[in-house]
Amino acid sequence: MEKYKVHTSSPEETMKFANRLGELLIAGSVITLEGDLGAGKTHFTKGLAKGLGVKRTVNSPTFTIIKEYQGRLPLYHMDVYRVCEADEDLGFDEYFYGDGITVVEWASLINEQLPRERLSVEIYHAGEDKREIVLHPIGEWYNKLCKELLN
Ligand code: ADP
Ligand code: MG
């Protein structure tokens, strides 16, 4: 499937883009986030949460693995950086196939456990406050989502 590239020049711009994505998501959507430390995965999630109508401040869940927020739909924010055993089953499926939206930071660490259909998002440093966001939809619904998001 196609990949789509978006460039942002500030944290606010990244959040604004993710906000629009948050508005378009439906129950059961899964978004995976990849990128180095400081790439902007958590800022992306903050924007997405706002678009979902979450009022609470979203912070990195590094020490808890999963944090849950209530918006128009529940948001499950995971950071699996500290999941040491890649094949350790922490019951992720309940979230992925549940009634909310799941965002997974460092998703490749649990690659084997991810649902096949998802929106993969990679964020790359492109100098100072610039970032390149690469969207890779896997599955027909996510492909349509990207087209709508970028039109
Ligand atoms: P991660 O979760 O990937 O480790 P964070 O979102 O916690 O990253 O941190 C991203 C850092 O980069 C923040 O300090 C943010 O202010 C900064 N930043 C600078 N430019 C951007 C941009 N265009 N998009 C997102 N974050 C940016
Ligand atoms: Mg983070």
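The lining of the second largest pocket comprises four nonpolar, three polar and six charged residues (Ala, Val, Leu, Ile, Met, Phe, Trp, Tyr, Cys and Pro count as nonpolar, Asp, Glu, Lys and Arg as charged, and the others, Gly among them, as polar). The model is predicted, with pLDDT of at least 70 required for local features and 80 or more for side-chain atom pairs, whereas totals for chains, interfaces and linings use all residues. Residues are numbered from 1 along each chain as its sequence is written, chains are lettered from A and ligands numbered from 1 in the order in which they are written, and side-chain values use heavy atoms, without hydrogens and water.

Pockets were taken as open sets of points on a 1 Å grid over the protein atoms alone, where a 1.4 Å probe fits, with protein on both sides within 12 Å along at least five of seven lines; lining residues have an atom within 4 Å of a point. The largest pocket is lined by 20 residues, with Gly 38, Ala 39, Gly 40, Lys 41 and Thr 42 nearest its centre. This lining divides into five nonpolar, eight polar and seven charged residues.

Ligand 1 sits in the largest pocket (more than half of its atoms lie within 2 Å of the grid points). Among the 16 residues around ligand 1, Thr 14, Gly 38, Lys 41, His 43 and Asp 129 come nearest (a heavy atom within 4 Å). Oxygen atoms of ligand 1 lie 2.8 Å from a backbone N or O atom of Gly 38, 2.8 Å from a polar side-chain atom of Lys 41 and 3.3 Å from a side-chain N or O atom of Glu 105.

Key. Polar contact = N/O pair within 3.5 Å; in protein donor to acceptor, adjacent residues only side chain to side chain.
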